[in-house]
Amino acid sequence: MKLGYKTSWALVALLMIVGISANATRSGKSAWAKTADSDSVAEKTAAVSQPVNEGSVVDEVIWVVGDEAILKSDVEVTRLQAEAEGIRYSGDPDCSIPEQIAVQKLFLHQAAIDSIEVSESEVMQGIDAQINAWVSMIGSREKLEEYRKQTITQMREQMHDDFKNQQLIQKMKQELVKNIKVSPAQVRKYFNNLPADSIPFVPTEVEVEILTMQPRIPMEEINRVKNQLREFTDRVNKGETTFATLARMYSEDPGSARMGGEMDYVGRGMLDPAFANVAFNLTDPKKISKIVESEFGFHIIQLIDKRGDKLKCRHILLKPRVSQEAIDKSIGRLDSIANDIRAGKFTFEAAVGALSDDKDTRNNKGMMVNVVDGDVRTSKFKMKDLPTEVARMVDTMKVGQISAPFSMVNTKGKTTCALVKLVSRVEGHRATITEDFQVMQDVVLAKERQKTIHDWVVDKIKKTYVRMNDRYKDCKFEYQGWVK
């Protein structure tokens, strides 16, 4: 269970009061099995069975799902986040939010059983993408820090566990529905029975090509970063400090820095290839790796343990700084390239093949690829799915037009400069079976997947020990079976 330091002590106090001991938790008798013995059940339900004086308790266990407690503070934090983000619940939030948290615990438990994994690099990319979106909306990192009254590092630390859990839940859902398919006949039948005003509206879709140019980082800056990493290695080897201490103080990987640079057991395929090649060749936990450059920056790595084809290590990541002068130079060069394209000296696609720094789009003649639901790849984007800076440019462009150069932060957290070309635009409209079959198929497929997940949750509830405070038993829940 993920708890902040404030709520964790409240829970410890509550568990001590109602007699739930650490030994009960570690006894090996899983409350996820509905056949848990009566002593285990009694201990786990005590926290929600005791009468509570609302005015005298700092926190309160309101639900127990399997071995996991849901605290009143968990609900309050979720409610505040929803209010801040403008999220509205269709039902009573006092009922909907605890149920939402309980369902998340079901997915996370199943992900652990099925050994579903999320790499630190995936978590970092998700967090950085969110922070970059905020920065784009508010104008600068400084303004964002002022608005949220947190440093960027503090935001990353606060977001880490939630982002990791959300990605685990998403992967678990994808695993549950991976074999769901719908036939053309199912699609036609579904839409033939729909009233005209219920046919889905297809938002504006665009296809975009992009040419990216990484601002040049001077060798002096790269050497500065490498020298700092060499200094860290030297200090650890001399016994002046530990690798973990330096990682906490200096590493720019927010996910692992607070853990002393430590990453959990992970397979080679979950890591950046350059990082993995060095990490998996380490054999002595007392030695520190050479400096390795990955797509995220520069690292030094220390082995902790190996188990079969998985590795546990700690690392320190440092990122070279990009100067405004370097950004301005790249913008100037891209401006000249754009003028040459407009003058007909060469095509946008030829410029991408010769000059673009992004290998994925370069090999695709610049065409940006949208990955939907983690597996479906398409060149078509809804405006909301484009990177914020790209969407801002494309919004007012005509088909075939080349944008002005601009800077952005990519999904790897690196500052890059870019030009985009609008290849196609289909304005929003009501779907038709002839023109939008894929859209209609996606609607039917989404409904079938939603039904499969709904049925799975209902079945999982039947097999899972659940106990809730009496005041929640009259709630109208989305899923059946919570009240035993």
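Reader: What volume does the largest cavity have?

Author: About 130 Å³. This is a predicted model, and the value is computed from its atoms.

Reader: What makes this space a cavity rather than a pocket?

Author: A cavity is a set of points where a 1.4 Å probe fits but cannot get out, whereas a pocket is an open set. The search of the whole structure finds one cavity of 30 Å³ or more. The space of about 130 Å³ is the largest cavity, so by the definition a probe placed there cannot get out.

Reader: Which residues lie nearest the centre of the largest cavity?

Author: Ser121, Met263, Phe296, His299 and His315, out of 14 lining residues. A lining residue has an atom within 4 Å of a cavity point, so each of these residues meets that cut-off.

Reader: How does the lining divide by residue class?

Author: Seven residues are nonpolar, four polar and three charged. α6 (120-138) and β8 (310-318) each supply at least two of the lining residues. The largest share, three residues, is from α6.

Reader: What makes the set with Trp63 and Trp482 a nonpolar core?

Author: Membership takes two things: a buried residue of a listed nonpolar type, and a link through side-chain atoms within 4.5 Å. The largest such core has 39 residues. Trp63, Ile70, Phe107, Ile131, Val457 and Trp482 touch the most other members. Being members, they are therefore buried, under 20% relative accessible area.

Reader: Which elements give two or more residues to this core?

Author: β1 (61-65), α5 (93-113), α6, α8 (152-177), α18 (437-463) and β15 (466-468). The largest share, eight residues, comes from α5. Another core of 15 residues lies apart from it, with Val208, Ile210, Leu386 and Val420 among its members.

Reader: Why are β2 (68-71) and β15 called edge strands?

Author: The order in this open sheet is β2-β1-β15, with antiparallel pairing. β2 and β15 each have a single partner strand, so one side of each lacks a neighbour in the sheet. The twist averages 20 degrees from one strand to the next.

Reader: How do you know that β1 and β2 pair?

Author: Pairing needs at least two bridges. Four join β1 to β2, so the pair qualifies. Valine 61 stands opposite leucine 71 in β2.

Reader: What makes β6 (292-294), β7 (297-307) and β8 paired strands?

Author: The same cut-off of at least two bridges applies. β6 and β7 share three bridges, antiparallel. β7 and β8 share nine, also antiparallel. Isoleucine 300 has isoleucine 316 in β8 as its bridge partner.

Technical notes: Residues are numbered from 1 along each chain as its sequence is written. This is a predicted model: local features need pLDDT of at least 70, side-chain atom pairs count only at pLDDT 80 or more; totals for chains, interfaces and linings use all residues. Side-chain values use heavy atoms; hydrogens and water are left out. On a 1 Å grid over the protein atoms alone, a cavity is a set of points where a 1.4 Å probe fits but cannot get out, and a pocket is an open set with protein on both sides within 12 Å along at least five of seven lines; lining residues have an atom within 4 Å of a point. Grid points are joined across faces, edges and corners, and a volume is the space filled by probe spheres set on the points. Ala, Val, Leu, Ile, Met, Phe, Trp, Tyr, Cys and Pro count as nonpolar, Asp, Glu, Lys and Arg as charged, and the others, Gly among them, as polar. Buried means under 20% relative accessible area, exposed over 50%, partly exposed in between (1.4 Å probe, protein chains only). Axes are lines fitted to C-alpha atoms, for helices over the stretch in contact, and angles run from 0 to 180 degrees between N-to-C directions.
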